[in-house]
Amino acid sequence: MTHTIHADRFLSDLRELAQIGATPAGGVSRPALTAVDREAREWFRRKVVEAGLEYAVDGAGNQSAILHSDPPSPKRILAGSHLDSVPNGGRFDGALGVLVVLEALRALKENDYSPPVSIEAINFTDEESAIMGLMGSRAMSGQLSASDLASARLPQSELDSRLAAAGLSRESMLSARRDNVLAFVELHIEQGTRLETAGVPIGVVNAIVGIRALQVRLFGEAAHAGTMPMQLRRDALWGAAQFVLRARELVMRQFTPGVCNVGIIHAEPGAYNIVPAQVTFALEFRHGSEAEMDNMQSELMRLLDDCARDYDLRAEVEATPPVVSAQMDEAVMQAIERAADKLGLSRQRMLSFAGHDTQNMARIAPSAMYFVPSVAGISHNPNELTSDADCVNGANMMLGTLLELTKQCQQ
Ligand code: HGY
Ligand code: MN
Ligand code: MN
């Protein structure tokens, strides 16, 4: 049986979904469990029901579209990604990975294909860091704790209201662990330039970096910005600014290919004429090796102490839940590679510097993922773009990979 997806329908769904939370510059803004993310989730539920697939949602809000075996198998093959986005992000990050599975399951169902095991398309809750990042897959893999929720990246009252609005609770979040996953696979845009530069249409991910995120506070002293002599100031922003630039130098000099980022910074009390008394910033760093991440963390904290001392400041650091690096499963990678070979698509193995739900799923099932190219590597930006041809490749690859995985599960 030759299966192919319905490219027009698939691309039309991708465009339709991009209207939900659309931004003027052509991207999307769908922060996890806000009204616009809930609108996207409802859109997905309607598409699942229209396709005649079974719809389900777990205690963490992870949505499923299920193509059942006959009879429905207790163990399942899962595949998916996320519909939430970063603020002012692109319309492909996550969304493409959910829709390719929905389209693959629709095509299989329309071909009256009855899989040997039930197959689920998944939309994971809060993959981006609106709440904590990778929250839905953290819950499904049994790693989510009450303390993770207590150290979420938004006020606790906002967390509770977003959960309640989605029909969830802290208790339900902690009940979502699954132990019936036979294999997991995810398609994602590369969000980098390696595939485009190499002219290769498929990247087979063999490992995903670990990510650590710290909230840093530097405390100095508010003073009059006109009368306080420069040499007597305890300016918290001077310490923060020096840290940000020296952290960049340290990581580029000592920890390549690791990376670091300060994506949020806030000075208080925040006035033209007051020396900043306190600065809060979000520090994130990534590496493929946990041991190197440990070294990065101790060197960055040493640097922070030096910068605090230079301006007579006090530093406080609060960790948010880390994401551990993950190796991908060889058999699942080979299933992806067989699918690429059958489609005549060249491929290369590569490390992912973006975090993905797959690295959590790898804790409970053989997992792997594959990339399609991003134009100019642009992502987390409304100009994010993947060509229609590469999107259709991604969908046909998902169909082929799922067929390879069901064969593997029969053996
Ligand atoms: O930040 C990441 O790597 C992913 O986009 N959540
Ligand atoms: Mn992202
Ligand atoms: Mn993503």
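In which sense do strand β2 and β4 pair, and over how many bridges? The views below come from a predicted model.

**View 1. Strand β2 (residues 63–67) beside β4 (118–124).** The pairing of β2 with β4 is antiparallel and runs over five bridges. Ile66 is a residue to look for here: its place is opposite Glu120 of β4.

**View 2. Strand β3 (residues 76–82) beside β4.** These two strands run parallel and are joined by seven bridges. Ile77 has Ile119 of β4 as its bridge partner. Ala79 stands opposite Ala121 of β4.

View 3. Seven of the seven residues of β4 are buried.

**View 4. The manganese ion (ligand 3) and its donors.** Which residues supply the protein donors of this ion? They are His82 through NE2, Asp93 through OD and His188 through NE2. These donors lie 2.1 to 2.2 Å from the ion. Along the chain their spacing reads H-x10-D-x94-H. His82 belongs to strand β3, while Asp93 sits in the loop between β3 and α3 (95–110), so the pair ties together parts 11 residues apart in sequence. Both His82 and Asp93 are buried.

**View 5. Asp93 between the two manganese ions.** Asp93 bridges ligand 3 and ligand 2, both manganese ions. The two ions lie 3.4 Å apart.

**View 6. The manganese ion (ligand 2) and its donors.** The protein donors are Asp93 (OD), Glu128 (OE) and His380 (NE2). In sequence, the donor residues are spaced D-x34-E-x251-H. Glu128 and His380 link distant parts of the chain, 252 residues apart. Glu128 is in the loop between β4 and α4 (135–140). His380 is in the loop between β15 (367–372) and α13 (388–410). His380 has 43%, so His380 counts as partly exposed.

**View 7. The shell around ligand 1.** Six names mark the surroundings: Glu127, Glu128, Arg286, Ala354, Gly355 and His380. By class, the shell has three charged, two polar and one nonpolar residue.

View 8. Which side chain has an N or O atom 3.0 Å from a nitrogen atom of ligand 1? That side chain belongs to Glu128. For Arg286, an N or O atom of the side chain is 2.7 Å from an oxygen atom of the ligand. Gly355 uses its backbone: a polar atom there is 2.7 Å from an oxygen atom of ligand 1. On its own, ligand 1 has 210 Å² of accessible area, and the protein covers 88% of it.

Definitions and conventions
Residues are numbered from 1 along each chain as its sequence is written. Chains are lettered from A and ligands numbered from 1 in the order in which they are written. This is a predicted model: local features need pLDDT of at least 70, side-chain atom pairs count only at pLDDT 80 or more; totals for chains, interfaces and linings use all residues. Side-chain values use heavy atoms; hydrogens and water are left out. A residue is near a molecule or strand if one of its heavy atoms lies within 4 Å of it. A polar contact is a pair of N or O atoms within 3.5 Å; within protein, one must be able to donate a hydrogen and the other to accept it, and residues adjacent in sequence count only if both atoms are side-chain atoms. Accessible areas come from the Shrake-Rupley method with a 1.4 Å probe; for residues, only the protein chains shown count as cover. Ala, Val, Leu, Ile, Met, Phe, Trp, Tyr, Cys and Pro count as nonpolar, Asp, Glu, Lys and Arg as charged, and the others, Gly among them, as polar. Donors are N, O and S atoms within 2.8 Å of the metal (3.2 Å for Na, K and Ca); water is not among the atoms, so sites may look incomplete. Helices (H or I, at least four residues) and strands (E, at least two) are DSSP runs, numbered from the N terminus. Buried means under 20% relative accessible area, exposed over 50%, partly exposed in between (1.4 Å probe, protein chains only). Two strands pair if DSSP finds at least two bridges between them.
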